[in-house]
Amino acid sequence: MNPIVARKLMQIADNITKNLNIDVDPKDIIITGSIASYNWHDLSDIDLHILYDFEEINEDFELVKKMLNETRINWNRTHNIKIAGKEVELYFQHAYEPHESNGIWSLTLEKWLALPVSLNPKLDLKNSS
């Protein structure tokens, strides 16, 4: 992971978490998806996941999930942040929710949680949406 990119992503996550005004720290901050695997291409974005234990925020899990999802949608709609030409897309994820991806990099721990594997996919970028 490029240290400059990692630092910028952590700054974005820090800014977002401070604006949430909750007294709970994230369990981890990860990048995942095609950008963290061998599947990346020119149209890939950076999937930035901020992991919280939703029940530490409030015992009403569904309410927290809905609040964080609305925050995510609003943030993604009102911010056009790019790093190295790649759009940063924010997600909030329950820390104990299973997440499968062909590559998960922990920005917090600075290590792979799921090491990417080369699958040699054939991408049709002309027909992607």
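View 1. Contact is taken as heavy atoms within 4.5 Å. Axes are lines fitted to C-alpha atoms, for helices over the stretch in contact, with angles from 0 to 180 degrees between N-to-C directions. Helices (H or I, at least four residues) and strands (E, at least two) are DSSP runs, numbered from the N terminus. In this predicted model, local features need pLDDT of at least 70 and side-chain atom pairs count only at pLDDT 80 or more, whereas totals for chains, interfaces and linings use all residues. Residues are numbered from 1 along each chain as its sequence is written, and side-chain values use heavy atoms, with hydrogens and water left out. Helix 1 (residues 3-20) lies across strand 1, strand 2, strand 3 and strand 4 (86-94), and runs at about 45° to strand 2.

**View 2. The whole chain.** The chain contains 3 helices and 6 strands, in the sequence pattern α-β-β-α-α-β-β-β-β. Its radius of gyration is 15 Å, close to the 14 Å that the globule rule gives for 129 residues, so the chain is as compact as a globular protein of that length. The radius is taken over C-alpha atoms, and the rule is 2.2 Å times the number of residues to the power 0.38. Along the principal axes, the C-alpha atoms fill a box of roughly 45 × 30 × 30 Å. Of the contacts with a separation of 6 or more, 67% are between residues 24 or more positions apart. Buried residues make up 38% of the 129 residues (buried: under 20% relative accessible area; exposed: over 50%; partly exposed: in between; 1.4 Å probe, protein chains only).

View 3. The 6 strands have the order 3-4-2-1-5-6, with mixed pairing. Strand 3 (82-83) and strand 6 (111-114) stand at the edges, each with a single partner strand, so one side of each has no neighbour in the sheet. Two strands pair if DSSP finds at least two bridges between them. Strand 1 (residues 28-32) and strand 2 (residues 46-52) run antiparallel and are joined by 5 bridges; Ile29 has Ile50 in strand 2 as its bridge partner.

**View 4. Aromatic pairs.** The whole structure holds 3 aromatic pairs. Rings of Phe, Tyr and Trp (its six-membered ring) pair if their centres lie within 6.5 Å; planes under 30 degrees apart count as stacked, over 60 as edge-to-face and the rest as tilted. The ring centres of Tyr52 and Phe92 are 6.3 Å apart and the planes are at 35°, so this pair is tilted. Tyr52 in strand 2 and Phe92 in strand 4 are 40 residues apart, and the pair links distant parts of the chain. Both Tyr52 and Phe92 are buried. Trp105 and Trp112 form an edge-to-face pair, 5.2 Å centre to centre with 80° between the planes. Trp105 is buried at 12% relative accessible area, while Trp112 is partly exposed at 36%.

**View 5. The hairpin of strand 5 and strand 6.** Strand 5 (residues 104-106) is joined to strand 6 by 3 bridges, and the two run antiparallel. Ile104 has Ala114 in strand 6 as its bridge partner. The hairpin has 4 residues between the strands, and Glu110 takes a positive phi near 55°.

**View 6. Positive phi in two loops.** Asn21, in the loop between helix 1 and strand 1, has a positive phi of about 55° although it is not a glycine. Asn21 is exposed, at 69% relative accessibility. Ala84, also not a glycine, has a positive phi of about 50° and is found in the loop between strand 3 and strand 4. Ala84 is exposed, at 74% relative accessibility.
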